[in-house]
Amino acid sequence: MTTIKKQFTITGNGLMKNKPCEVTFLPSNSGEIRYFVKGNDYFTANVDNVLATDHCVVLGNKKSKAILTEHLTAALAFCHIDSIDICMTESEVPILDGSSKQWVEAFKKAGIDKPLFAKSKKYTVSEPVYYLNGKTSLVVLPDKDLFISYAVNYNHADLKRRFVNYDAKNPDEIIEARTFGFYHDLKKFQMLGFAQGANIDNTLGFMDDGTYSVPLRSDLEPVKHKMLDLVGDLYLTGFNPLDFKCQILAKEAGHAVHLKLARVLKDKIIEVK
């Protein structure tokens, strides 16, 4: 069980509604990632508590919910934190810079409290787990080590039939990869009440001429962001995908597919002896 060493607070606006939210993180020995939203009863970061995946991942229960949790969950995965309390004054997790970078930095600054002499457990799957539907696929296979590959095919000159493989020696390029969208869709989404907080500081825009609204942080950054989302989504199984000895192969997927597979995957995960 790994938590943080001291309490801290971050304030920022949400991507969808652009409302400010104060998020306080507290050390915990519960062994769970627990959300307390507006003082209501807590719910855990678990695939069984996913309420929606239309534009982002929404976790919750009958009384409260947390919107756009995936970047925060991914940060917890990369920091190997599995026990923490998250108290929010509003329902939407701040978007910050659109990646997991600032969350990871905040956890490291607070200090990560890992038990002394704790041996890192590794996991695999008892049998192949997969989701296949037309052009979309997501497959998890047992292997001797971790290998993640994500492929996309967007209507953008730089992102047609491109893929990224996870490099465990350089996780920062995944952690810092920002959320994205087609710039020509922004006004439409905002008229529908979404993406009210999107700006050049937190969202990478795909321009119609095949360029981007801002310079990339690394090559194929949008594909790396898809992998970031995948890590966060699979962490909702209750097992950290970065501790898997598996091949994880994704093609043209998204949150809905990630979490459909996660619901099946959670019961197929076994510890490597």
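Q: What is I248 in contact with, leaving aside its neighbours within four places in sequence?
A: I248 is in contact with L138, V139, V140, L146, F147, I148, S149, L230 and L234, where contact means heavy atoms within 4.5 Å. This is a predicted model, so local features need pLDDT of at least 70 and side-chain atom pairs count only at pLDDT 80 or more, while totals for chains, interfaces and linings use all residues. Residues are numbered from 1 along each chain as its sequence is written, and side-chain values use heavy atoms, with hydrogens and water left out.

Q: Which members of the largest nonpolar core touch the most others?
A: F25, Y35, I86, F107 and I248, out of 76 residues. A nonpolar core here is a set of buried Ala, Val, Leu, Ile, Met, Phe, Trp, Tyr and Cys residues joined through side-chain atoms within 4.5 Å. Buried is under 20% relative accessible area, exposed is over 50%, and partly exposed is in between (1.4 Å probe, protein chains only).
A: There's also a second, separate core of 9 residues, with L15, L68, I95 and A195 among them.

Q: Switching topic: how many disulfides turn up?
A: A search of the whole structure gives 0, a disulfide being a pair of cysteine sulfur atoms within 2.5 Å. For C56, the nearest cysteine sulfur belongs to C21 and is 13 Å away.

Q: And is C56 buried or exposed?
A: Buried, because its relative accessibility is 5%. C246 is buried too, at 0%.

Q: How many residues of helix α1 are buried?
A: 9 of its 9, residues 70-78. Helices are DSSP runs of H or I, at least four residues, numbered from the N terminus. Just after α1, H80 takes a positive phi of about 60°.

Methods: Helix = DSSP H or I, 4+ residues; strand = E, 2+ residues; numbered from the N terminus.
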